[in-house]
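Subject: Structure handover

Hello,

Here is the structure we spoke about, with the sequence alongside. My notes follow below it.

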Amino acid sequence: MNDTHIFVGIRVLIIEDEALVSMMLEEFLEQIGCRMMGTASRLDEAIIKARSLSLDMALLDVNLAGEASFPVAEILTARDIPFIFVTGYGPLGLPADMRHVPILPKPFQMAQLVESMRMAAY
Amino acid sequence: MVAVPFTLPSPTSRAARLLVTLVTWLALALLALGGLLAASDLGSFDSNTTLSDHTTAQLAAERVLPHLKDAEAGQRHYLLTGDTSYLKPYEAARRQFDQDFANLRAAPSPSPSRIAQIARIRRLADARLSELTRTIELYQSGERDGARQLELANRAKRTMDTIGAEVADLQADLRNQFVQAHGSIHSAYTLGEAILLVALAAASFAATVWAKRRIQRDIDAKLYRLERFTQAFGQTQGTLRSLDGRIVFWGIGAERLYGYSEKEALGKNALDLLQTRGPVSLEEINAILVRDGEWQGELTRRHKDGREIHIISKWSLNRGEAGEPEVAIEVSSDITSIKLAERELHQTNALLRAILETAPGLIYAKDLQGRIMLANVSTLDLIGRPWSEVEGRTDLEFLDNKAQAQLVMANDRRIMDQAKTEEFEEIISHEGRHPRVWSSTKAPLRDADGKVIGLVGVSVEITERKRIEDRLQLMVNELNHRVKNTLATVQAIASQTLRGGDPIVRQTLERRLMALAAAHDVLTRENWEGADIDDVVTGALAPFGDGGDYRFTVSGPSLRLLPRAALALAMGLHELTTNALKYGALSTLAGQVAINWQVVEGAKPLLRLTWTESGGPPVMAPSKRGFGVRLIERSLAQDLGGKASVIFDQPAGIVGTIEAPLADVVVSAEVTPLLQVGAR
């Protein structure tokens, strides 16, 4: 946690359907100096924001109110924007071509968030 | 009927044959000598013609009786045997007769009394001959009884004796006349004449003996054959019955088959004695026998010792000359062992069929080429075709989905090639229907020599089970996801609630939630069926592991914990670790923690886990027990159904002990003792 300065000022999108978890993520990200570009809790909303916003990174819940968020993952991949899956499922819940994407397992601590963001960034 | 090769040994001895030959040669030699001497004496005869006629008459008188006896012998042999060759001596004798009497009548200067006597002899001989002729004719026309009665009624012996006496008288008369007429030249011709007479007598004797021997030889040969045949027939388990069912012939074969000796069987009713039972009533069999002359079939009888025997029997009716049924011939073979084997086979087949038709799954057999040799109703139902369209065909031919059929046949091929039984899942789809999943067990099928000739298989449908399993898996996954999300939400709530508060409190709470989540992770991986104690322990220590792995020493046997026990243990270890970090061994750089567990054997085996701190600062019991200690001592003990204690042991360090009945915390009793789990 000593080098969280690398995340200062980066633009982040949070896609998470659980409001409280979304708020906690926001709080964690603000602590390390990230710029919150927006949040989305539904798939259609997430797709629009993933396409339109200028982003440096995205945190992506796998399950959005019962819908898989993989279409969003594809947009982010196409736009070359690094992202993290935030999920209660293990890596086996992911399609084969997305198993390389870093996973932040729920529940998580600040240190785990930073670690997975670092893996996504490099 | 069994053909027996007959070998006919010479019925006459060599000596007898030699004698006949010698007599014949002697007769020939004497004839030659006599003829020579007679020729040299010719001049001294008054009338050689008279002499010759006289001699011929004498010879004829000698022959009458033997010729008649020959005819009689021929007739008797014919009546006895029915063999027409015996009529030859009879007919020859008849022909000879006319010549004999002509010769008698040609004797010189016959007296009226001699003429009368010759006529008498002729009448008697003719009468006897016509009797013979009559019996032969009766016999030939089939009236055997008539022939027999006639033969019995006539007084053959007396007739023959009378003829014999008359002939002897005639011979004496001829001799006297000869002596009177040729007395003067007696000495001159006696030698040649005598030798000639002796030679002729010898020749006649030899011829008679020869003929009799030939007949005797024929009879002997026939009797011999008959005897051999009777023996052979007896060997074949053949019997003879009179028409009223009484046994009239019982051979060694029958004795062996039924156990009764000839003495016990002869005269008994065959069907009663053997307790004969047939497929149809015996009356019917007898009716067939009379109608067709024979009957063949299987019968059940009882051996003398009471055991049941099965036979295959052929009965034939032997008819008399007049076509009337005379005797029933029966030839039987024992088929008891075949019958019993047949019955056993039938039972085995019935059992197999019952199993095939009642078993709920598919049962089938295929040959080396994968062609169906056997299939039960369930199998035919699945294929959806009748047996006639399935027999001898392969899966490729009758299954809709060719790719699946190829898979099935590849499985079959492997079973047969490796000659090994295997169990696996197979999927069969039918057009318009959901694929069905089968658990198949297939085993190589071997012949009597052990060679693989195909396979037998049993398949049980597990489609529904698979569907339930899949759904259950989906639900477990979903539940795990929910639990994690809920934990994350709880964490978020706590985080928001404690915002601006004591960061230590916030971190403690966060870590407790993480410990709970870590234990859940272990269980999720194992599908909530249980977790290795080693995984639970290392999972609980993981959040504190950064840079401090060397401070933990973990050891104990491999055990699978029940989910409840795994969660309780994970939380307990988390509290002990937290406590050690704050106040105990882990609060200093040199402190160590040893975690060890073992099974304490006894009537009720226990799992005992100890947490031993060392190298830490001096510890002192807190005035008030914190949440962690209370969690361990109360909640943990409760969840594990055992007891737990935390001792603040001065000055060494904290010692925590958890004990629980093994049966309440472990999935199964399998324990791998003394397995050292690597130190962390």
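Predicted model: local features only at pLDDT ≥ 70, side-chain atom pairs only at ≥ 80, totals over all residues.

Which residues of α16(B) are buried? They are Gln404(B), Ala405(B), Val408(B), Asn411(B), Asp412(B), Ile415(B) and Met416(B). These residues lie on the same side of α16(B), because the arc they cover around the axis is only 130°. On the face turned away from the buried side, Leu407(B) and Asp417(B) are exposed.

The buried residues of α16(B) pack against several elements of chain B: the strands β6 (362-367), β8 (422-428), β9 (436-446) and β10 (452-461), and α15 (395-398).

Two details concern the ends of the helix. At the start of α16(B), Asn401(B) brings a side-chain oxygen to within 3.1 Å of the backbone nitrogen of Ala403(B). Just after the helix, Ala419(B) has a positive phi of about 50°.

Now the salt bridges. Over all chains, the whole structure holds 39 of them.

- Asp395(B) pairs with Lys366(B), with 2.8 Å between the closest N and O atoms. This pair links helix α15 to strand β6, and the two residues are 29 residues apart. Both Asp395(B) and Lys366(B) are buried.

- Asp412(B) pairs with Lys442(B), the closest N and O atoms being 2.5 Å apart.

- Arg436(B) and Glu461(B) form a salt bridge of 2.8 Å, N to O. Arg436(B) belongs to strand β9 and Glu461(B) to strand β10, 25 residues apart. Arg436(B) is partly exposed, with a relative accessible area of 23%, and Glu461(B) is partly exposed at 34%.

Which residues are joined into one network by salt bridges that share partners? The network consists of Lys366(B), Asp395(B), Asp412(B), Glu426(B) and Lys442(B). Asp412(B) is also among the buried residues of α16(B).

Regards

How values were computed:
Residues numbered from 1 in each chain as written. Chains lettered and ligands numbered in written order. Heavy atoms only, no water. Buried < 20%, exposed > 50% of the residue type's maximum accessible area, 1.4 Å probe, protein only. Helix = DSSP H or I, 4+ residues; strand = E, 2+ residues; numbered from the N terminus. Arc of directions from axis to C-beta. Contact = heavy atoms within 4.5 Å. Polar contact = N/O pair within 3.5 Å; in protein donor to acceptor, adjacent residues only side chain to side chain. Salt bridge = Lys/Arg side-chain N within 4 Å of Asp/Glu carboxyl O.
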